[in-house]
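Visitor: I am new to this structure and would like to understand the words used for it. Could you show it to me and then take my questions in turn?

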Amino acid sequence: MVSPSTGGRYFLRAVAEVSADGGAGAPRVLILGCGFLGSQLARRCAESGARVLAVDAEAGKDATDVTEASEVSALVRCGAGCAAVLRGDAAEARVLSRALGLLGAPDELFVCTATHGGSPAAYRRAYGGVLEALLPLLPTGARLVFCSSVSVYAESAGGAVDESSLCVPSAPRVRALLEAEALALEAGGAVARLSPLYDAGRCELLRRHEAGEPRLPGPGARCLNYVHREDAVEALRLMARLPGGGVFNVCGESLSVDEAYAMLEELTGVLRAPEEAACSRRGLSNRRVLCPRLRAAGWRPRHSLRAFVSEGLRP
């Protein structure tokens with residue numbers, strides 16, 4: 001980690017240093033939203049030699065290794081590349097203009113923004129609002145990937161869904177996602193419909209089980225879908241290289257509630273809680289997500305829940 005002292009000028013100098021070291025042809029990557037997914041995407045792109053700038057309204061809020069006073073709140077040198085984080089709201093055109101001015105015309109642009117609850121207006125700003133601010137500024141030739149969710153699909157009673165399956169705007173968040181997807185697709189971009197993510201520090205299924213909290217609601221045959229964060233990152237990077245755009249499902253594995261708890265009981269030695277959690281306001285999902293387009297392009301998940309839990313339990 002390098003702590004910048006002069007904001008954007010430091011970032012530009014660092015990029016120049018990378019170029020001087022042989023990275024003159026390095027791709028430029030802009031990432032909007034640097035949370036659980038966007039931060040790892042930024043790191044992996046930088047490790048591959050790209051010059052990466054991420055924009056996030058809460059950059060540096062909880063970190064201890066960034067310079068709070070700087071416009072550019074963090075700079076990471078990763079292998080041949082570098083990744084910087086610009087503090088700002090990605091739904092504001094002035095912030096995006098600043099980012100493009102710092103980075104230059106990006107070769108790849110990922111929208112990984114999210115909102116954790118909130119009003120319908122907050123949902124719309126986090127998704128469609130960002131794209132509405134971005135698209136008038138989108139440089140010609142930039143490959144756009146928008147991160148959405150498999151929650152847009154209609155319920156299928158445990159049946160399979162692929163990219164051609166029916167979508168239903170059943171809630172404000174889903175409606176906001178579908179409206180944003182339409183904007184991205186109209187601009188020629190790709191849409192990643194992501195399954196719930198997990199990785200170190202974030203696996204709600206495992207956390208609830210180890211804490212003895214009520215088990216997931218619904219029948220034991222209800223289908224759950226997950227994808228490891230690293231597999232999701234590789235999917236996004238692949239989508240940015242594919243021609244034509246369109247919708248891509250991103251799911252690493254599907255398993256039933258009973259299968260999930262049987263695996264957790266076996267590996268942790270902790271029995272599932274006898275109580276069942278109350279259903280959330282979003283209702284219960286019960287669908288098996290297929291990824292025919294990504295798999296046809298060669299993507300394969302490298303991680304599984306079983307391996308993840310097993311590795312986490314090793315002394």
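Guide: The protein has a mean pLDDT of 86, and 85% of its residues reach 70 or more, where pLDDT is the predictor's confidence in each residue, from 0 to 100. This is a predicted model, in which local features need pLDDT of at least 70 and side-chain atom pairs count only at pLDDT 80 or more, while totals for chains, interfaces and linings use all residues. Residues are numbered from 1 along each chain as its sequence is written, and side-chain values use heavy atoms, with hydrogens and water left out.

Visitor: What is the pLDDT over residues 1-22?

Guide: Over residues 1-22 the pLDDT stays under 50, and it is also below 50 over residues 62-70. Where pLDDT is low, the predicted coordinates should not be read in detail.

Visitor: How do you know that the buried residues of α5 line one face of the helix?

Guide: Helix α5, a DSSP run of H or I with at least four residues, covers residues 172-186. Its buried residues, meaning those under 20% relative accessible area with a 1.4 Å probe and protein chains only, include Arg 173, Leu 177 and Ala 184. Seen down the axis of α5, the buried residues fall within an arc of 155°, an arc taken from the directions from the helix axis to the C-beta atoms, so they line one face of the helix.

Visitor: What covers the buried residues of α5?

Guide: The cover includes α4 (120-134), β6 (143-149) and β8 (190-194), judged by contact, which means heavy atoms within 4.5 Å.

Visitor: Why is Tyr 198 called buried?

Guide: Tyr 198 has 1% relative accessibility and therefore counts as buried, and Tyr 226, at 12%, is buried as well.

Visitor: What makes the pair of Tyr 198 and Phe 308 edge-to-face?

Guide: Rings of Phe, Tyr and Trp (its six-membered ring) pair if their centres lie within 6.5 Å, and planes under 30 degrees apart count as stacked, over 60 as edge-to-face and the rest as tilted. The ring centres of Tyr 198 and Phe 308 are 5.1 Å apart with the planes at 65°, so this pair is edge-to-face. Tyr 198 lies in strand β9 and Phe 308 in helix α10 (residues 305-313), 110 residues apart.

Visitor: Which residues do ring pairs link into a cluster?

Guide: Ring pairs link Tyr 198, Tyr 226 and Phe 308.

How values were computed: Helices (H or I, at least four residues) and strands (E, at least two) are DSSP runs, numbered from the N terminus. The expected span of a helix is 1.5 Å times one less than its number of residues. Buried means under 20% relative accessible area, exposed over 50%, partly exposed in between (1.4 Å probe, protein chains only).
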